[in-house]
Amino acid sequence: MINIVLFGPPGSGKGTQAQNLIQKFNLKQISTGDLFRYNIKNETELGKLAKSYIDRGELVPDQVTCDMLREEVQKPTDTNGFIFDGVPRTVAQTEAVEKIVKEVLDSEISICLALMVEDEILVQRLLKRGETSGRTDDADENIIRNRIKEYYAKTAEVAELYKKQGKYVEINGVGEIDEISEKLYAEVEKIK
């Protein structure tokens, strides 16, 4: 089983590369954003709980996020593993994700792949995306820079944990999409 934690700041191409990894290795992507949207839309107990925090302008507690994650991992799947996207973002979430993967899947996180792109390139990519996507958070350079800064602040500790485990790999996220994909595939092949 292949279990990948995929890191990348906004604009790094993470969404595109996640889809390529899914196709290549028959993986299932678990995105915290998708989990929240699904549970809230379907008014599950966890969705109602998450919505109550969101409606108050508060962060959804790690426990609620991890309970959603556990439920998702328990669903039957014919894939070869998972890509965790948007989680873990904290040391506590990392410990929880690793516990879920061990208890539910009798497996472990195989690798943490981090797409690295210089901030100025990220800003330009996101501003360009903002012109066509209609996303307001991609139209304001100050908001973009803050999102990038927040991403690094939140993921730094998690990256350190995976570095200590020898599972952290940085990939240059600048270049042709196929070339970047090939670099990611090569790293996954090493752990298969």
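This section describes the central strand pairing, the salt bridges and the nonpolar cores of a predicted model. Residues are numbered from 1 along each chain as its sequence is written, and side-chain values use heavy atoms, with hydrogens and water left out. Because the model is predicted, local features need pLDDT of at least 70 and side-chain atom pairs count only at pLDDT 80 or more, whereas totals for chains, interfaces and linings use all residues.

Helices (H or I, at least four residues) and strands (E, at least two) were taken as DSSP runs, numbered from the N terminus. Burial was assigned by relative accessible area, with buried meaning under 20%, exposed over 50% and partly exposed in between (1.4 Å probe, protein chains only). By this criterion, five of the five residues of strand S3 (residues 81-85) are buried, so the strand is largely enclosed by the rest of the structure. In a regular strand the side chains alternate between the two faces of the sheet. Both faces of S3 are covered, with Gly-81, Ile-83 and Asp-85 buried on one side and Phe-82 and Phe-84 buried on the other.

Strands were considered paired if DSSP finds at least two bridges between them. S3 pairs with strand S1 (residues 2-7) in the parallel sense over five bridges; Phe-82 of S3 is the bridge partner of Asn-3. Strand S2 (residues 28-31) also runs parallel to S3, to which four bridges join it. Here Asp-85 of S3 is the bridge partner of Ser-31.

A salt bridge was defined as a side-chain nitrogen of Lys or Arg within 4 Å of a carboxyl oxygen of Asp or Glu. The count by this rule is 17 salt bridges. In one of them, the closest N and O atoms of Glu-45 and Lys-48 are 3.7 Å apart. These two residues are three residues apart in helix H3 (residues 45-55) and are therefore separated by about one helical turn. Glu-45 is exposed, at a relative accessible area of 62%, and Lys-48 is partly exposed, at 46%.

A salt bridge between Glu-108 and Lys-167 has its closest N and O atoms 3.5 Å apart. This pair links distant parts of the chain, 59 residues apart: Glu-108 lies in the loop between helix H5 (91-105) and strand S4 (111-116), and Lys-167 in the loop between helix H7 (141-164) and strand S5 (168-172). Lys-167 is buried, with a relative accessible area of 15%.

For Lys-190 and Glu-187, the corresponding distance is 3.2 Å. Both belong to helix H8 (residues 177-191), where a spacing of three residues separates them by about one helical turn. Lys-190 is exposed, with 63% relative accessible area, while Glu-187 is buried at 17%. Elsewhere, salt bridges that share partners join Lys-28, Glu-72 and Lys-75 into one network.

Nonpolar cores were defined as sets of buried Ala, Val, Leu, Ile, Met, Phe, Trp, Tyr and Cys residues joined through side-chain atoms within 4.5 Å. The largest core has 27 residues, and Phe-7, Leu-69 and Phe-84 have the most contacts inside it. Two or more residues are given to this core by each of S1, H3, helix H4 (62-74), S3, H5, S4 and H7. H4 gives the most, with five residues. Apart from this core lies another, of 18 residues, which include Leu-21, Leu-113, Ile-180 and Leu-184.
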